[in-house]
Amino acid sequence: MTREPRIPCDPSAPPASSQADASDALAHHKIQLRKTLLARRRALAPDDKAALDARIGQHILAWAADAGITQLGVYWPLAGEPDLRGAYAELATRGVRLALPVVLARDAALAFSHWLPGEALVKDAMGVAVPAQLRLCSTPSALLIPCLGFNGAQFRLGYGGGYYDRTLAAIPRPYTVGVAYADLAAQFASAAHDIALDRIVTERA
C-alpha cells in the first residue's frame with residue numbers, strides 16, 4: 001500500500017476548510033443583506049409603494065400580452081412585497097389562468113393551485129395565503145417570483161427557505177419573472193444551488 005491518496009487532489013482547488021469558510025461568509029452576508037433590504041422595503045411610504053406597485057403591474061401586463069401568456073403562477077404579497085392584485089384581476093379578465101403556490105411539505109418544491117381573483121383564501125401554517133379550495137395543478141409555464149433583492153446577473157435573494165430554488169430545479173423549467181423594487185438591487189454572490197431568473201421587472205422595467 002502506498003501513501004498516495006486514492007483520489008488525487010486538484011492542486012488548483014482551495015482546501016476544504018477554505019471552501020467551508022467561503023460558504024459560511026456568503027451565508028452570513030446574505031443574512032445581513034436580507035435584514036437591510038427588508039428594512040428598506042418596509043420603510044416605503046404607503047402612497048409611494050402603491051404608485052410603485054401600479055407601475056410594476058403595468059409592466060407585467062405589457063409583458064404578458066407581448067409574450068402571449070395563457071397561464072401564470074402568481075404570488076400573494078407578503079411582508080411588503082409588490083402588491084400586484086390589480087394586475088392579477090386584469091390578467092384573469094384577459095383569460096390568463098392563474099395559480100398560487102402552495103407548500104405541501106418542507107424541503108420540497110412548491111405545488112400550485114388554480115385561483116381566481118376574489119376566491120376565498122386561508123393562511124397556511126407559515127402564514128401564507130392559499131386558496132381555501134385547493135385545485136392542484138401542474139407547475140405553470142411561467143412564474144412571477146417576488147424578490148427581496150436581486151443582482152446584476154439576475155439572481156434572486158429570497159428569504160432563505162429554498163422553495164423556489166427547488167421548484168426551478170425541475171425539468172422542464174418554467175419561465176421566471178422576478179418582481180422587485182428597483183432600489184433593492186444589491187451585490188451578492190450566488191451559491192451553487194441558485195438559479196438565475198429569466199427576467200427582472202421593477203417599476204423602471
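Modeller: Just after α3, G95 takes a positive phi of about 95°. Helices (H or I, at least four residues) and strands (E, at least two) are DSSP runs, numbered from the N terminus. This is a predicted model, where local features need pLDDT of at least 70, side-chain atom pairs count only at pLDDT 80 or more, and totals for chains, interfaces and linings use all residues. Residues are numbered from 1 along each chain as its sequence is written, and side-chain values use heavy atoms, with hydrogens and water left out.

Biologist: OK, which residues of α3 are buried?

Modeller: A87, Y88 and L91. Buried means under 20% relative accessible area, exposed over 50%, partly exposed in between (1.4 Å probe, protein chains only).

Biologist: And where do they sit around the axis?

Modeller: On the same side of α3, because they cover an arc of only 105°. The arc is that of the directions from the helix axis to the C-beta atoms. On the other side of α3, G86 and T93 are exposed.

Biologist: What covers the buried residues of α3?

Modeller: The cover includes α2, β1, β2 (97-102), β3 (111-115) and β7 (142-146). Contact here means heavy atoms within 4.5 Å.

Biologist: Switching to rings. How many aromatic pairs are there?

Modeller: The count comes to four aromatic pairs. Rings of Phe, Tyr and Trp (its six-membered ring) pair if their centres lie within 6.5 Å; planes under 30 degrees apart count as stacked, over 60 as edge-to-face and the rest as tilted.

Biologist: What does the pair of W63 and Y175 look like?

Modeller: W63 and Y175 are stacked, 6.2 Å centre to centre with 15° between the planes. That pair links distant parts of the chain, 112 residues apart: W63 is in helix α2 (residues 46-67) and Y175 in strand β10 (residues 175-179). W63 is buried at 7% relative accessible area, whereas Y175 is partly exposed at 32%.

Biologist: And why is the pair of Y75 and Y88 edge-to-face?

Modeller: Because the planes of Y75 and Y88 are at 85°, with the ring centres 6.4 Å apart. Y75 lies in the loop between β1 (71-73) and α3 (85-93) and Y88 in helix α3, so the pair ties together parts that are 13 residues apart in sequence. Y75 is buried at 2% relative accessible area, and Y88 is buried at 1%.

Biologist: Which residues do ring pairs link into a cluster?

Modeller: Y75, W76, Y88 and W115.

Biologist: Which charged end sits over the ring of Y163?

Modeller: That of R166, 4.9 Å from the ring centre. The rule is NZ of Lys or CZ of Arg within 6 Å of the ring centre and within 35 degrees of the ring normal.

Biologist: Last topic, K49: buried or exposed?

Modeller: K49 counts as buried, at 16% relative accessibility. K49 is found in helix α2.

Biologist: What does K49 touch?

Modeller: Not counting residues up to four places away in sequence, K49 touches L44, G80, E81, P82, D83 and Y181. The C-alpha atoms of K49 and G80 are separated by 8.8 Å, with the two residues 31 apart along the chain.
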